Amino acid sequence: MNTPNPSTTPAGSAGTAHDEAAEICRNLIRIDTSNYGRGESKGERRAAEYVAGLLEEVGLAATMVESAPGRTSVFARMEGTDPSADALLVHGHLDVVPAVAEDWSVDPFAAEIRDGMIWGRGAVDMKDMDAMILSVVRHMVRTGQKPKRDIMLGFFADEEAGMEYGSKWVVRNHPELFEGVTDAISEVGGYSANIGGQRAYLLQTAEKGLMWMRLFADGTAGHGSQVNTDNPVTRLSRAMANIGEYQWPIELTKTTRQFLDTVTELTGVEFDPQNPQRMLDELGSVARFVGATLQNTANPSMLSSGYKVNVIPGTAEAGLDVRFLPEQREIVLEKLRELAGEGIRFEFEADDIGLEVPFSGNVVDAMVASLKQHDPEAVVMPYMLSAGTDNKALDPLGITGYGFVPLRLPDELDFPAMFHGVDERVPIASLEFGADVLHTLLTGY
């Protein structure tokens, strides 16, 4: 497949900030950037070249950096009118999780339009935001609009598999790219949900930390017909069952308390820690994200051992996906070791921080004001993401990250299910709304 032509609107054309968003989104989806983990990906270089072409076509200088062959990230800077103001990073990632084509009702990399929506892998995670950013900044440059502060644009590789070939590598090797940046916006927040009959936008101000772990049990190998009291399969299976069945206590952070208090205002339903499901039922599909932020979680996800049914192996291995509340890493790790018991080795495949910042300040105020300008009756509320984003990698530089991809969504769309899901899709009207909100933010902040 050839790289799409970057020019979708003639240079010098005024138009609107959202004119190119849908077409750019479709072009990006058509570039398969599936990230298979363990350093295996494809298409990131081609997507980066496409993005760089869009930026350079309107006169913005694009910088491409590679952590390994093909693992390419792209950056550009829009100069603001106030050189003394702190810079804002607006960023997305170019990679996507793989898609099994036979599970989909459309080709996941064809970017078909059906029912007013763009269908394809990356439509919401997160080539929609990439397209919104590009459409807005191209419009700003064409029309001579200047932001008050410098706007740094970033498009990272490898977000979907731990960020080691993307944002983490860039932060370690090219910190100069982020000079003057104090705040950042990216996924997963700013989208709407119907809560208590009211349209509310969930602005992400916190993320759970993560530990992707391999657990190992060693034992005595032997013939399957013999008595074996040192069987690693038995030991590891017991450990994983203990961990998987453990009920982590409900613990509310400042972000989650504020979110739940707002839900109570909208629905009249009080949060009951003994029966959290009653309030979660008020949230509809949003409960997919929010429900997991009420507590730490540890989910067994892999289990393997042996090579023949009549041979007891000497080692058994399992995978564990742990998501912990901010500042609770050591507490959670201690509990996992206790649940696993003796004879279990822990190795980390990924280990990353949790984040939590206040729902206040200039950046938050600007995001809220931008949303309300385009949807005056909306409620904007903070929430914690149960997954993670590239904002974690930026934290060591002192950059405060938020999730803000403003999408006004139809109530019937199960938006959280779109992330890494089959038949991922985004409404074109939502995409255009988001570009307009983003334009208001970048020109007014």
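How close do the axes of helix 2 and helix 3 come, and at what angle do they cross? They come within 9 Å and cross at roughly 20°. The model is predicted, so to speak of a local feature requires pLDDT of at least 70, side-chain atom pairs count only at pLDDT 80 or more, and totals for chains, interfaces and linings use all residues. Residues are numbered from 1 along each chain as its sequence is written, and side-chain values use heavy atoms, with hydrogens and water left out.

**Stop 1: helix 2 and helix 3**

Select residues 44–57 for helix 2 and residues 127–143 for helix 3. Helices are DSSP runs of H or I with at least four residues, strands are DSSP runs of E with at least two, and both are numbered from the N terminus. An axis is a line fitted to C-alpha atoms, for helices over the stretch in contact, and an angle runs from 0 to 180 degrees between N-to-C directions. Helix 2 and helix 3 are therefore roughly parallel to each other; angles under 35 degrees count as roughly parallel, over 145 as roughly antiparallel, 65 to 115 as roughly perpendicular and the rest as oblique. Their crossing is right-handed, a word used if the near helix is turned clockwise from the far one by less than a right angle, with left-handed for anticlockwise.

Now show side chains. Helix 2 contributes Val51, Leu54, Leu55 and Glu57 to the contact, and helix 3 contributes Leu134, Val137, Arg138 and Arg142. Contact means heavy atoms within 4.5 Å. By class, this contact has five nonpolar, no polar and three charged residues. Ala, Val, Leu, Ile, Met, Phe, Trp, Tyr, Cys and Pro count as nonpolar, Asp, Glu, Lys and Arg as charged, and the others, Gly among them, as polar.

**Stop 2: helix 1 and its two partners**

Next select residues 428–444, helix 12. Helix 1 and helix 12 pack at an angle of about 115°, with their axes 9 Å apart. That makes helix 1 roughly perpendicular to helix 12. Here Ala21, Ala22 and Cys25 in helix 1 meet Ile428, Leu431 and Ala435 in helix 12. The contact has six nonpolar residues, no polar and no charged ones.

**Stop 3: the sheet under helix 12**

Keep helix 12 on screen. Helix 12 lies across strand 6, strand 7 and strand 21, running at about 65° to strand 21. These three strands form an open sheet in the order 6-7-21, with antiparallel pairing. Two strands pair if DSSP finds at least two bridges between them. Strand 6 and strand 21 (425–427) stand at the edges with a single partner strand each, so one side of each is left without a neighbour in the sheet. Strand 7 and strand 21 pair over three bridges, and Met117 stands opposite Pro427 in strand 21.

Follow the chain through this region. Asp115, in the loop between strand 6 (113–114) and strand 7, has a positive phi of about 55° although it is not a glycine. The peptide bond from Asp125 to Met126 is cis, with omega near -15°. Met126 is found in the loop between strand 7 (117–119) and helix 3.

**Stop 4**

Select residues 205–341, which UniProt lists as "domain: Peptidase M20 dimerisation" in an unreviewed entry; UniProt positions are given in the numbering used here, feature names are shortened, and annotations may be inferred rather than shown by experiment. Over these residues the chain is 35% helix and 26% strand.

Now pick out four strands, which form an open antiparallel sheet in the order 14-16-12-17. Strand 14 (297–305) and strand 17 (344–352) stand at the edges. The twist averages 20° from one strand to the next. Strand 14 and strand 16 (residues 315–324) pair over eight bridges, and Asn299 stands opposite Asp321 in strand 16.
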